[in-house]
Amino acid sequence: MHVLRTLDDAVALRADLEAGPRRVVVIGAGFIGSEVAAACRARELPVTVVEALPVPLERVLGAEMGALVADLHRAHDVDLRLGVGVDGFVSSDEDGGDGGRVLGVRLGDGTTLDADVVVVGIGVIPNTEWLEGSGLTLGNGVVCDATTLAAPGVVAAGDVARWPNARFGGEPARIEHWDNAIEMAVAAARRLLAAEGAPGVPYEPVPWFWSDLYDRKIQLAGTSGPDDEVQVVHGDVAERRFVALYGRAGRLVGALGWNRPRHIIQWRQRLLAGMDYAAAVELARSEP
Ligand SMILES: Cc1cc2nc3c(=O)[nH]c(=O)nc-3n(C[C@H](O)[C@H](O)[C@H](O)COP(=O)(O)OP(=O)(O)OC[C@H]3O[C@@H](n4cnc5c(N)ncnc54)[C@H](O)[C@@H]3O)c2cc1C
């Protein structure tokens, strides 16, 4: 059984995939699970993806865009099991000892899936145990103010930092993207260098990330959620090449691109400038 977090995890998984397993089961159809499924299909390995939600990535992209990810998997012959959780594993060591190898996955609906390789991609918990008792506020990460400050003289950056980004409503959140780890580290270093007692500059990025699934480059600038308004603007979902704009409380908050890198760079700039949602949709529709 594998998780995928470090280089060693990736090397171990690759070795098992290169051994030619009869079936791979991936638990979780988030971005990591989806990329593993795509990597398996690139090797022509049979793969089943199990996802507890009825639609993959529903909490991130919303139901409409998540359904397109489901279609993409199915188009590449992934056996997608949605709306069902995992109850446990079938082990070669039925006494439950540590030496057992996984042989299958037991689902909540009573089904058992045979598997030579199982990959678990169902989210992460920040490693903050070592900071308990330090005086920092912990709660799904290290809680910071709008300027990345966790306590006088202490800042946090990257996956572990939870802070309010006023650009998107100011609800404290963590962001697990490379780009944010780099940009926030710069902001945090500047915060430490600010004169003592200075208020500091709020860190208000437009986050950005991408995921390569099969032959599609999926990119998101800004943010997106299940309750946001979504409209497809450039391109066509049937061709899996389009841009969708996300709106919240009348403001443009995100741009999702499928094989539209040039547009996403442009929409990121517009998100930085700030735009009304209706005006953004109208502008997009007036462009080629
Ligand atoms: C499989 C996978 C695919 C990804 N793909 C993408 C992608 O396509 N695009 C994208 O934008 N992002 C992607 N990400 C997310 C991206 O990798 C992270 O957002 C980024 O690495 C965060 O950087 P970081 O420095 O905050 O944390 P990490 O990269 O997690 O680095 C933290 C380091 O601190 C070390 N550490 C932890 N506790 C301690 C301690 N007590 N003392 C000392 N050291 C400690 C850890 O061992 C680790 O090396 C992916 C992540 C994974 C796992």
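Among contacts in the chain between residues at least 6 apart in sequence, 52% link residues that are at least 24 apart. The model in which these contacts were computed is a predicted one. Buried residues account for 34% of the 288 residues in the chain. The secondary structure amounts to 7 helices and 18 strands. The radius of gyration is 21 Å, close to the 19 Å that the globule rule gives for 288 residues, so the chain is as compact as a globular protein of that length. Along the principal axes, the C-alpha atoms occupy a box of roughly 60 × 55 × 30 Å.

The chain is divided into three parts: domain 1 spans residues 2-120, domain 2 spans 129-193 and domain 3 spans 208-285. Taken over C-alpha atoms, the centres of domain 2 and domain 3 are separated by 26 Å.

The ligand is surrounded by 15 residues, of which the closest are Gly-158, His-177, Trp-178, Ala-181 and Phe-209. At least two residues of this shell are supplied by helix 5 (178-193), and at least two by strand 14 (208-213). In composition, the shell comprises 7 nonpolar, 4 polar and 4 charged residues.

Strand pairing was examined next. Strand 8 (residues 117-120) is joined to strand 1 (residues 2-3) by 2 bridges, and the two strands run parallel. Strand 8 is also joined to strand 2 (residues 24-27), in this case by 4 bridges, again with the strands running parallel. Val-119 of strand 8 takes part in both pairings: His-2 stands opposite Val-119, and Val-26 likewise stands opposite Val-119.

Strand 12 (residues 161-164) and strand 13 run antiparallel and are joined by 2 bridges. Within this pairing, Trp-163 has Ala-173 of strand 13 as its bridge partner.

Leu-61 is located in helix 3 (residues 58-61). Leu-61 has 25 C-beta neighbours inside 10 Å and therefore counts as buried, the threshold being 20 or more. When residues up to four places away in sequence are not counted, Leu-61 touches Gly-66, Ser-224 and Leu-256. The C-alpha atoms of Leu-61 and Pro-226 are separated by 6.2 Å, although these residues lie 165 residues apart along the chain.

Backbone geometry was considered for two loop residues. Most residues other than glycine have a negative phi. Thr-148, in contrast, has a positive phi, near 85°. Thr-148 is found in the loop between strand 9 and strand 10 (149-151), and with 26 C-beta neighbours inside 10 Å it counts as buried. Ala-249 also has a positive phi, of about 50°, although it is not a glycine. Ala-249 lies in the loop that connects strand 17 (241-248) and strand 18 (251-258). Because Ala-249 has 9 C-beta neighbours inside 10 Å, it counts as exposed, the limit for that class being 12 or fewer.

How values were computed: Residues numbered from 1 in each chain as written. Predicted model: local features only at pLDDT ≥ 70, side-chain atom pairs only at ≥ 80, totals over all residues. Near = placed C-beta within 6 Å. Nonpolar A, V, L, I, M, F, W, Y, C, P; charged D, E, K, R; others polar. Domains from an automatic or database assignment. Rg over C-alpha atoms; globule rule 2.2 N^0.38 Å. Contact = placed C-beta atoms within 7 Å. Pairing = 2+ DSSP bridges.
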